[in-house]
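Have the viewer open as you read.

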Amino acid sequence: MQHPITLLFLWLFVGQISAQQDPSITTYMFNALAINPAYAGSQDYLMINLLNRNQWLGWTNEDSKAPNTQILSLHSPLNERVGLGFHLSNDVIGASRTTALNTSYAYRITFPFGTISAGLQAGLINWRADWSDLNLRDGFANDPAFNEMPETRLLPNFGVGLYFQNEFAYAGFSLPRLLPLSLTKAADRTNATLYDASLYRHFYFTAGGILPIISDDVVFKPSILFRKVGGFGASDVPVDRAASPTSIDLDASIFFLQTLWIGTSYRWSLEGTFGKNSSHDSINFWGAFYLKNGLRIGLAYDIGLTPIRRYSNGSLELMIGYDFNFNISNVQSPRYF
């Protein structure tokens, strides 16, 4: 049986997993600003959300660090047309840490069939690595991947997005990380055999709707999240370099009495041409409770379906948020999307 630290090492640094991918968030429907800048101001009131995700609970090996993610986001409309947002994320995986600070601007136009928003995002990414945290085995101590890469990089980040919403449905397409940026030295990138670590483009598509079962007291809400790293055959990310698979989340939830969300989702990855080498990632369960004063509390638990499940007890997300003036009368279904 492979040692768990060996699995983590391979997952982090071997070329087949060379793309630095954003973390998968189960409660993405409550953290839409982190993946689409056009979502800023979409709810017509100020929203604040804080999330903490612990990946691979029970991973206690002293030589490794299980992935851990925090996201703080807030957004609000300035007027009927303009929305502004801000989000800060911190992602720790193994010996590396990525911190991103972003601001978002959205311009909204209302039509008879719904509202369409166009969003722009700008910010900075701080990537840091402390290779002294790694307990390198024989054969890896002199690997240039660990002694030639810079230990810190400050990189720009730009993103764009579109978001549509009406009373019954929503859809969004976004590229929150528009620039492909390498973490290796320019001289090393000329070596065609090198699998360098890079920050690649991320494409997101989200969609969902609501189906009232018993008036507004019981509402069914299906949704989908599609995520792809790199381009669709784009030259900036060769197929043999960016091996992070396309990820899909299918979600189904029920909203009870405008107070309690209960949902479940299934996540899988599509690899190879037309996804012929698909893999099952996790089955996820989540819930969120809305208090009358605008406070909301959420919890999500992922049951892993990959081999890493032999060394962990799933993944856990904790969320807390606050909606200011969410009961204003002129907002249609303010809590659904």
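## A surface patch

L78 sits in the loop between strand 3 and strand 4 (82-93); strands here are DSSP E runs of at least two residues, numbered from the N terminus. L78 counts as exposed because its relative accessibility is 58%, and exposed means over 50% (1.4 Å probe, protein chains only).

L78 also belongs to a nonpolar patch on the surface, together with L84, Y105, Y107, I109, F111, F113, I116 and L120, with about 810 Å² of accessible area together. Patch members have over 30% relative accessible area and no salt bridge, and nonpolar side chains are joined within 5 Å; a salt bridge puts a Lys or Arg side-chain nitrogen within 4 Å of an Asp or Glu carboxyl oxygen. Areas are Shrake-Rupley values with a 1.4 Å probe. Strand 5 gives the largest share of the patch, four residues.

## Where the numbers come from

This is a predicted model: local features need pLDDT of at least 70, side-chain atom pairs need 80 or more, and totals for chains, interfaces and linings use all residues. Residues are numbered from 1 along each chain as its sequence is written, and side-chain values use heavy atoms, leaving out hydrogens and water.

## A buried histidine

H75, in strand 3 (residues 68-77), counts as buried because its relative accessibility is 4%, with buried meaning under 20%. A polar atom of the H75 side chain lies 2.9 Å from the backbone nitrogen of G41. Beyond neighbours within four places in sequence, H75 is in contact (heavy atoms within 4.5 Å) with residues including L33, Y39, Y45 and L84.

Note on methods
A polar contact is a pair of N or O atoms within 3.5 Å; within protein, one must be able to donate a hydrogen and the other to accept it, and residues adjacent in sequence count only if both atoms are side-chain atoms. Patches are made of residues with over 30% relative accessible area and no salt bridge: like charges are joined within 9 Å, nonpolar side chains (Val, Leu, Ile, Met, Phe, Trp, Tyr) within 5 Å.
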